[in-house]
Amino acid sequence: MHRAALALVPLLAACSAQARDGLARETAEAAITPVVAERIRGVPTTKAVRCILDNADRSQINALAADNVQGRTGIADDIVTDVLFRDGTRECFRRWGIVTALSKVLA
């Protein structure tokens with residue numbers, strides 16, 4: 001897996017900042033999805049992943065992307081938990097109507 005991550009380095013270096021950010025977000029999304037599906041069952045996964053991704057900072061997105069490329073190391077669980085309890089994430093969940101399902105899971 002580490003070889004796969006290293007193979008991406010030259011490709012990412014050749015990309016624009018916008019393209020790198022987009023690729024990192026897509027890869028991070030792939031790391032977040034199984035965590036949401038396993039940890040917070042009963043919520044609409046796609047919407048919950050979007051809220052978490054939108055409220056993660058750049059370093060967290062990069063760490064999630066790296067975790068996805070290298071294989072699940074557990075860092076994704078920690079990052080998702082951290083982002084899950086941010087005000088912005090909770091507000092996003094409210095907008096999508098996820099709060100009720102989430103409160104049942106966390107109770």
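Predicted model: local features only at pLDDT ≥ 70, side-chain atom pairs only at ≥ 80, totals over all residues.

Biologist: Is Asp77 buried or exposed?

Modeller: Buried means under 20% relative accessible area. Asp77 has a relative accessible area of 16%, so Asp77 is buried. Leaving aside neighbours within four places in sequence, Asp77 is in contact with Val35, Arg39 and Arg72.

Biologist: Which residues of α5 are buried?

Modeller: They are Ala76, Asp77, Ile79, Val80, Val83 and Leu84. Seen down the axis of α5, these buried residues fall within an arc of 170 degrees, so they line one face of the helix.

Biologist: How do I read the packing of two helices?

Modeller: Two packed helices are described by the angle between their axes and the distance between those axes. Helix α4, residues 58-70, and helix α5, residues 75-84, pack at an angle of about 150 degrees, with their axes 9 Å apart. Angles over 145 degrees count as roughly antiparallel, and α4 and α5 are therefore roughly antiparallel to each other. In passing α5, α4 makes a left-handed crossing.

Biologist: Which residues make the contact of α4 and α5?

Modeller: From α4 come Gln60, Ala63, Leu64 and Asp67, and from α5 come Ile75, Ala76, Ile79, Asp82 and Val83. By type, the residues of this contact divide into six nonpolar, one polar and two charged.

Biologist: Take Leu64 of α4. What is the relative accessible area of Leu64?

Modeller: The value for Leu64 is 0%, so Leu64 is buried. Apart from neighbours within four places in sequence, Leu64 is in contact with Ala28, Ala31, Ile32, Ala76 and Ile79. Sequence separation can also be set beside distance in space. Leu64 and Ala24 are 40 residues apart in sequence, and their C-alpha atoms are 8.3 Å apart in space.

Biologist: Now a second pair. At what angle do α3 and α6 pack?

Modeller: The angle is about 150 degrees, and the axes of α3 and α6 are 9 Å apart. That makes α3 roughly antiparallel to α6. The crossing of α3 and α6 is right-handed. On the α3 side the contact is made by Lys47, Ala48, Cys51, Ile52 and Asn55, and on the α6 side by Gly88, Thr89, Cys92, Phe93 and Trp96. The residues of the contact of α3 with α6 divide into six nonpolar, three polar and one charged.

Biologist: Which residues of α6 are buried?

Modeller: In helix α6, residues 87-96, the buried residues are Thr89, Cys92 and Phe93. They cover an arc of only 100 degrees around the axis, which puts them on the same side of α6. The exposed residues Asp87 and Arg95 are carried on the face of α6 turned away from its buried side.

Biologist: What follows α6?

Modeller: Gly97 does, and its phi is positive, near 75 degrees.

Biologist: Where is Gly42 found?

Modeller: Gly42 is in the loop between α2 (17-39) and α3 (45-55). The cut-off for exposed is over 50% relative accessible area. At 67% relative accessibility, Gly42 therefore counts as exposed. Gly42 and Ile98 are 56 residues apart in sequence, yet 9.2 Å apart in space, C-alpha to C-alpha.

Definitions and conventions:
Residues numbered from 1 in each chain as written. Heavy atoms only, no water. Axes fitted to C-alpha atoms, helices over the stretch in contact; angles between N-to-C directions. Helix = DSSP H or I, 4+ residues; strand = E, 2+ residues; numbered from the N terminus. Parallel < 35°, antiparallel > 145°, perpendicular 65-115°, else oblique. Left-handed = near helix turned anticlockwise from the far one by under 90°. Contact = heavy atoms within 4.5 Å. Nonpolar A, V, L, I, M, F, W, Y, C, P; charged D, E, K, R; others polar. Buried < 20%, exposed > 50% of the residue type's maximum accessible area, 1.4 Å probe, protein only. Arc of directions from axis to C-beta.
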